[in-house]
Structures are given as structure tokens and as C-alpha cells.
Amino acid sequence: MPRPILATVHPEALRHNLQRARDCAPDARVWAVVKANAYGHGIERCFDALRSADGFALLDLAEAERLRALDWRGPIQLLEGVFEPRDLELCSRLHLWHTVHCNEQIDWLAAHKTQVPHRVFLKLNSGMNRLGFTPAAFRSAWARLNALPQVDEITLMTHFSDADGPRGIAHQVAAFEAATADLPGERTLCNSAALLRHPRDALRGEGVQNLAADWVREGIALYGSAPDFPAKSAADWGLQPAMTLASRLIGVQALQAGDTVGYGSAFTADGPMRIGVVACGYADGYPRHAPNGTPVLVDGVRTRVVGRVSMDMVTVDLGPVPAAGIGSEAVLWGRAAAGAVLPIDEVASAAGTIGYELMCAVAARVPFSA
């Protein structure tokens, strides 16, 4: 039989989480962000559950081609725009909308020959300091784009750096308002954190041209992870886990006081105990640095990792589940067969990372089902 590890995508959770975005911004249209192969879940596995979105947002031209191959005829946005001039040919052929964040991209558009003008998103650097035009350069960039016959509609865009933390978004909303005042076009500002934490400020700010009526971008929340964990959990936001990574126990050991576990003897038993060996390791995408105490579910009961994670195995404490044995279910994150849920954010936090990384890191050798 094949190795018992399996990643399961839950379409009903994706549908539910998409609806949560609509609940938060009932007057807005929703981009389902499916970059990085739908945050590791698989575009094809997620498509049917997400096809009620108003558009899909991603980075990679090959992923855009995959969406069109699924017969998606609605909007597709390239969040980072094109990377070289010839990419514009594919944008024309696939009818892709794309971000413009630098003068070079405007130059490429000016030289591009197309019969159908492009829909573009002009990005303001309102404080993130990654991509986008500074407020001082933004209006000049808009004027250049607006003068091009290759450009149709221009949507105004920014991205929040601190929507998940105490600084919030007010300073960036103010910068956006000042830079875009009186400019025509739709707006798109909100990521998952802004959508959940700051809908009143981000969507209906004083003096803002009704930001709620345009587009919001749902990324991590779509997949059931809280963008501001540990301040709020996914359950606090009414989100459901869209992925379960589960395996089974393939070994059991009985330890005595003083016995150690795994490489480096990173765990020492302080008394008699049973440990289980789970068929999952860092070669499957489980975080190698997950320490002693990282939560795991065995037969739906919460227990803990003990010892160092190895390439193909994780060892867990069976004290809370004395009946567990060979073949018992082990859920590394997600939903157990009995219904218990282990949030991916808890596992990520224990390992010193974030849920985004764990989702995207599931290895190619792990089979998926949906």
C-alpha cells in the first residue's frame, strides 16, 4: 500500500471562507487570490469551489493559463504585473488584467501592439515599500497610462503592510486618499487582514470614494488561516480550515525514565511513556524546527510532538491517547475524522513561522485529495 500520508482540500470550507469575504464587504467584488498554486492547495482542486468569485488574482502567467484551461472566462489579475515586454502578448491573448508598479512597465505598454486595450491596476506605494509608485510619482504615472491607446480602464491599487497589527491601516488609507483624490477609476485596497479587522476604516473611510463598492482581495483567509494570529484565531473570524494534512502511526515505542527520542536526543522521558511514530517529516513539508510540544491530533485527541522532526517521521506523545496504536490517525493540521480541528496557525506558531508557509511547503511527494 502507499505511504499513509495524505493532504485533503475541503471545497466546502473554501466556499464558506469566500462567503465570509462577501459578508465583510457586501458591496464589493471579491478577488480570490490563488497565487503560489492556490497557497499550496492546487488551483485545479480549488477551482470549482471558488468559481463564484468575481475574479482570480495570482502572479504567474502559467497559472493564468491553467485557469483559462479550466474555462474561466472572468477577470484574472496579475498582482505583480508583467516581468518582460513579451509577457504583454500573453496578456492580450488571455485577456489578463495586470498591475503596473514601475515606469518600465509603462514603457513596455507604450511599445506594445494590441488591438484590444488592456485593463491595468496602477499601484501606489503607500508605505509598504515593496512595489508601487511613491505618492509624489503616482499622478504622473497615471497621466502616462491614461494617455496610452494600449490602456483601457485604470484601477487604483495599494497594499497594506500593517493591517494585521497594532499600527493598522489609517496612515496608508490617508496616503492613498491624498494621492488618488479626484482620479477616476475603481479602487482595490483590502487584503484579508484589512477585510476582517478594518472594514469600516478601509471600506467606508471618510472622504474615500466608496472603496467598498469596488474590489477586495481575499488571500490567506480564503484558506482558513487567521491573518492576525494569535490575536485572533481562524475560528474567531468564522473561518474553516481548507486543508488537512494527516497520516497514521507506523510505530509505537515504550520508554522508561531517562530514555531519549530521535536525533540529538532532543527529548528525554521523565517517566514511563508511550510514543507513536507518524509517517510525516520535513521532506513532506512539515516544519523541521517544530519543537517539543508542537500540537498534533491522534485519533482526534490533542497531544504533542516529542523529539526532533526527521526527514520522514515525527514522534508524538501517546499519553493522552492510551488506546492509540499502529494505524491510528495522526492529523498534523486541519480536521480529524472525529471532527476535532487543529488550526494550522497553532502548528506554525509553535514552529516559529506562519500558516502561509506551511500551506505552500507541502511537498510534491504528498498525495492530495479533494
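Start with α4 and α5: their crossing is left-handed (the near helix is turned anticlockwise from the far one by less than a right angle; clockwise would be right-handed). This is a predicted model, in which local features need pLDDT of at least 70, side-chain atom pairs count only at pLDDT 80 or more, and totals for chains, interfaces and linings use all residues. Residues are numbered from 1 along each chain as its sequence is written, and side-chain values use heavy atoms, with hydrogens and water left out.

Select residues 61-69 for α4 and 87-94 for α5. Helices here are DSSP runs of H or I, at least four residues, numbered from the N terminus. The two axes lie 11 Å apart, at an angle of about 15 degrees. Axes are lines fitted to C-alpha atoms over the stretch in contact, and angles run from 0 to 180 degrees between N-to-C directions. So α4 is roughly parallel to α5 (angles under 35 degrees).

Now show side chains. Leu61, Glu65 and Arg68 of α4 contact Asp87, Leu90, Arg93 and Leu94 of α5 (heavy atoms within 4.5 Å). Colour them by class: three are nonpolar, none polar and four charged. Nonpolar covers Ala, Val, Leu, Ile, Met, Phe, Trp, Tyr, Cys and Pro; charged covers Asp, Glu, Lys and Arg; polar covers the others, Gly among them.

Next, select α1 (residues 11-24) and α3 (residues 43-50). Their axes come within 8 Å and cross at roughly 55 degrees.

Finish on the contact residues. Pro11, Leu14, Arg15 and Leu18 in α1 meet Cys46, Asp48, Ala49 and Leu50 in α3. Six of these are nonpolar, none polar and two charged.

Note on methods. Helix = DSSP H or I, 4+ residues; strand = E, 2+ residues; numbered from the N terminus. Parallel < 35°, antiparallel > 145°, perpendicular 65-115°, else oblique.
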